[in-house]
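Here is a short briefing on a protein model with DNA. Take a look at the sequence and the fold, then work through the points below.

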Amino acid sequence: MSASSAYPFDPLSEADDVVPAPRPGGIAARAAAMARPAAAADYLSGLNPEQREAVETLDGPLLVLAGAGTGKTRVLTTRIAHILALGLARPYEILAVTFTNKAAREMRERVGKLLGQAAEGMQWLGTFHSIGTRILRRHAELAGLASSFTILDTDDQIRLLKQVLAAENIDDKRWPARQLAFAIDGWKNRALAPKDVPAGEAQGFANGRGAELYALYQARLKQLNAVDFGDLLLEPIKLFRDHPDVLEQYHRRFRYMLVDEYQDTNVAQYLWLRLLARGSTNLACVGDDDQSIYGWRGAEVENILRFDRDFPGAKVVRLERNYRSTGHILNAASHLIAHNQGRLGKTLKPQTELGDKVTVAGAWDSGEEARQIGDEIEALQSKGHKLDEIAILVRASFQMREFEERFITLGLPYRVIGGPRFYERAEIRDAMAYLRVVASPADGLAFERIVNTPKRGLGDAALKQITERSRADEVPMLEAARRLVAGPDLKPKPKAALKELVQAFDRWAALVDNVPQSELAERVLEESGYTDMWTKDRSAEAQGRLENLKELVRSMEPFENLRGFLEHVSLVMDADAGRGEDAVTIMTLHAAKGLEYDTVFLPGWEEGLFPHQRALDESGRAGLEEERRLAYVGLTRARRRAKVWFASNRRIHGLWQSSIPSRFLDELPEADVDVIEAPAAYGGAYGGMGGAYGASRFDKAEPFASTYDTPGWRRAQESRGAASPGPGARRSGPMTIEGELVASSSAPRSAFKEGARVFHQKFGNGTVVEVDGNKLTVAFDKAGHKRVVDSFVKAA
DNA sequence: GATGGGGCGTTTTTT
DNA sequence: ACGCCCCATC
C-alpha cells in the first residue's frame, strides 16, 4: 500500500479532509520521522518504560493490558499524539474507537491538550456506533437505505416489534415484544443475520418463528428507512463483506487503529475491527480482562484473551504500575481477582505507601449500614474531606434508595448517577418525536407516538385507518394522513383534528431552514398543545416535565441545525449530569468503571446480592467470575480508602431476609484488611440478632465458613469442577488460599463475661448467661433468652 | 378517554 | 412490598 497513490484520488476525500500540509509519503519519510530523537518530545517524558513502549510500538498489532489505574487513557492519547507528531498519519487517518461517548469526549479533549487543534481533524474518533453511522451514511444506498435513515432507540424498536407481532397474529402476551427485542439484540451482538440464527435458538420464540420474525422486523426497518443500534455495526460489516472496493477505501484510509476497552467488545464489534484491520496491522487495542463486566450484554472476554492468536505477531505490553491507589487497597484487589481462572494475569504494583487497610464492617441490616456509612461520611467531612471525593458503589440500584433517604435526613448532599436518563423521559421522547417528524416526515414511528399526544381525538380507530392507508398506498404515515384528510373515509371530528395536525407539520417543516432549531422546537411544542398538556396537568411531576422541556430546548442551541441535534441525541443519549455542589456520589459498580475517588464505600457484600444470585444461576462460574471482576473494579476505584460493608438482614422484594457475608470477603487477604467488629468501633448501635429476624451468620459456628453452605456457593463449586472442594464441602476454621490466611471475622472469644449487663438495640437490656466464643446467650429483661453475637451488644 | 384493578417482574446498561 | 403496564370498564 503506497501512501502517495491513495491521494488525491481517494474517493473518501471530503472537503474537510483536505489539509494544506504536505503528506509525508513513502518509507523514506517515515524512516526519517522515526529517526527523530523521541526524547525531544516532551509528551513522552512523563511516561514509565512500559507506557512508553506502548506508545512507541507503532507497527503491527499491539495489545496493551492496562490494569486499573495504570494510565490507559494516557497511553492511548499519547500514542495518537506521537503518531501525529511523527507525521506518520494525518488526524483523519487514525481510527480511534471507544464504547461510550464520554470516553470519546475525554480522549478528544486529552489529545487536544497534547496537540492543540489537531484533535479537531480526528473525524474517526468516536464510539463504535457513531463511526458505524458515519460509514453507513456514506454508503447507505448500498445497504438499501437512504442516507437520511433514522436511528431507532429501544423504545421505537419495541413498538415496531409489536407491530410485526400483531401483523403476524402472534399473541404478545405469550410472546412479548420485549423478549423478541432481547433475542434480536443478542443475535445482532453476535453478528447473526436472520438466516444465520441457529435453528435451536430461533426455536425459543413463538414456536420457532424467531428468525422469521427477525427477518420481518429487518424488512420493516428498511421500509421505514431506519436502523436500530445493532444495525449500526451489522450494516457496515455487511457492507464491507459485500463490497470489497468500499472496504479497500477504508483500508487505505485508516493507517492506525486504536481501540479502547477491548475487553468489552462483542462478536460484531470484533468482526468489524477485523475487517478494517486487514488493511493495516497497525491495530492497538487497550483493555483489561479483569475489568470485563459486560458479559451479560454480549461482551466477549474471549476477544482479549485470544488477541495474540487473532493478530499473529502481536506484541503485548502490560501496564502494572498503579498510580491511583495505596498499597493495601491494591494488594486486596489483586488477591481477590487472583481467584479468577482464565485471566491473562497481571498484578498491580503499588507506587506509593501502603496507606490504610481495606476495612470490612458488618451491620445488622441495610438501614444500619446506611446510617453507619452516613456517620462515617460526616466524620470524614468534619475532618475536611471533600464530598466530591467520596463515592458509594452498589451492586444493584435498589440499594441506592436507603442511602438517599438517610442522606436526606442528615442533610448530606449527594448525587445519584444513573437512573432514568434525560432522553428516556416520556416528555423528552414526545418532544423528540415531534421534532423527528418535522425533520423527516417519513418517520412513521415518531408520528405514531405523538399523533394523539396531546389528546386530539385521534384514537385507535383513526390510527388504524392511517396505518392501513399507509400500508395500502405504500407511503409514510404522515402522507397517508394527508390523503385521508383529503378523502371521504374519516369521520368529521377526527378528520378536522388530523387536518390541523398535518397542516401544522407542513407549517413547521417550512420553518426548518429558516428558524433556529431551538426556536422552532419552542413553537412546535407550543402550537401542538404539548406544553399546554403539561401545564394543565396537576400531577406532581408535571412541573418537572415542563422544566425538562425547557432544558431540552436550551440544549438544542449549540447545534448547527435540527438534523445535527437529532443525530446527536440518537447516538449520544447522555446529558452530562453536571458537577454541581460538593456532594457524595451514589452509583452502581458498573457505572463506576473508569472513575476514581479518595474514599469508596462498598456496601452490600452479601451472598445473593454480591455476587448476585442471578449471575450465579444464569452463568455459573463465568457469572461468578464476572461478579468478582466487579468487586475488583469497585476496590480499585479507591485512591486511599476502601470500606466494604455487609448487612446481616436485608429487605428483598419487601421481605426481610437474613444474609450471609459475601464469599468475596473471604477472598480478601487478611494482611491488607481490617475487620471492624468491636462495638466500640461504631458506638454499638447494633440491632437485634437471631430470633425475630432469623439466623445470621453470627449464630452459626465459624462465621465465615458458613458462607460455604449457601446454595449459590455449592452450585458454583459444582460448576468449578475438581479443582476445588466438592459440593457441600464443610470447612472448619478460617479459609486459606494458597496457604495464606485470609480475612476472618471470628473473634476468638468475647470480651463479655457471664453475669455482665449488656444493652442490645432491639432487645434492650439483659444479663449474659452464657459465653460461647463470641456468641452470648443473654437473658433480656423484656425479650427473654436470645443468643446473640457480642458485637451486637454493648455494656449496659 | 379517564380510571382503577389485576398481573408481572424486580442485576448490571451503552448505543 | 411495590411499581408499572395493560386492559377492561364505565
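Around DNA strand B there are 25 residues, and Asn101, Arg395, Ser397, Thr588 and Arg614 come nearest. A residue counts as near a strand if one of its heavy atoms lies within 4 Å of it. This is a predicted model: local features need pLDDT of at least 70, side-chain atom pairs count only at pLDDT 80 or more, and totals for chains, interfaces and linings use all residues. Residues are numbered from 1 along each chain as its sequence is written, chains are lettered from A and ligands numbered from 1 in the order in which they are written, and side-chain values use heavy atoms, with hydrogens and water left out.

**The surface near the DNA**

- Helix H29 (residues 613–635) gives the largest share of the surface near DNA strand B, with three residues. Helices (H or I, at least four residues) and strands (E, at least two) are DSSP runs, numbered from the N terminus.
- The surface near DNA strand B has 12 polar, seven nonpolar and six charged residues. Here Ala, Val, Leu, Ile, Met, Phe, Trp, Tyr, Cys and Pro count as nonpolar, Asp, Glu, Lys and Arg as charged, and the others, Gly among them, as polar.
- Of the atoms of DNA strand B within 4 Å of the protein, 55% belong to sugar or phosphate. The rest belong to bases.

- Which atom of DNA strand B is 2.5 Å from an N or O atom in the side chain of Thr588? It is a phosphate oxygen.
- The side chain of Arg614 has an N or O atom 2.3 Å from a phosphate oxygen of DNA strand B.
- His612 has a polar side-chain atom 3.2 Å from a sugar or linking oxygen of DNA strand B.

**Aromatic pairs**

- The structure holds 22 aromatic pairs. Rings of Phe, Tyr and Trp (its six-membered ring) pair if their centres lie within 6.5 Å; planes under 30 degrees apart count as stacked, over 60 as edge-to-face and the rest as tilted.
- Trp187 and Tyr214 are stacked, because their ring centres are 5.6 Å apart and their planes are at 20 degrees.
- This pair links distant parts of the chain: Trp187 is in helix H8 (residues 177–189) and Tyr214 in helix H10 (residues 210–223), 27 residues apart.
- Trp187 is buried, at 3% relative accessibility. Tyr214 is buried too, at 1%. Buried means under 20% relative accessible area, exposed over 50%, and partly exposed in between (1.4 Å probe, protein chains only).
- Phe559 and Phe565 form an edge-to-face pair, 5.4 Å centre to centre with 70 degrees between the planes. Phe559 is partly exposed at 23%, whereas Phe565 is buried at 0%.
- Ring pairs also link Tyr434, Phe447, Phe505, Trp508, Tyr530 and Trp534 into a cluster.

**Charges over rings**

- The charged end of Arg137 sits over the ring of Phe149, 4.1 Å from its centre. The rule is that NZ of Lys or CZ of Arg is within 6 Å of the ring centre and within 35 degrees of the ring normal.
- Arg306 lies over the face of Tyr270, 4.7 Å from the ring centre.

**A covered strand**

- In strand S2 (residues 94–98), five of five residues are buried.
- One side of S2 carries Ile94, Ala96 and Thr98, and the other Leu95 and Val97.
- S2 runs parallel to strand S6 (residues 256–259), joined by four bridges. Two strands pair if DSSP finds at least two bridges between them. Ala96 stands opposite Leu258 in S6.
- S2 also pairs with strand S3 (residues 125–127) in the parallel sense, over three bridges. There, Val97 has Gly126 as its bridge partner.

Key:
A polar contact is a pair of N or O atoms within 3.5 Å; within protein, one must be able to donate a hydrogen and the other to accept it, and residues adjacent in sequence count only if both atoms are side-chain atoms.
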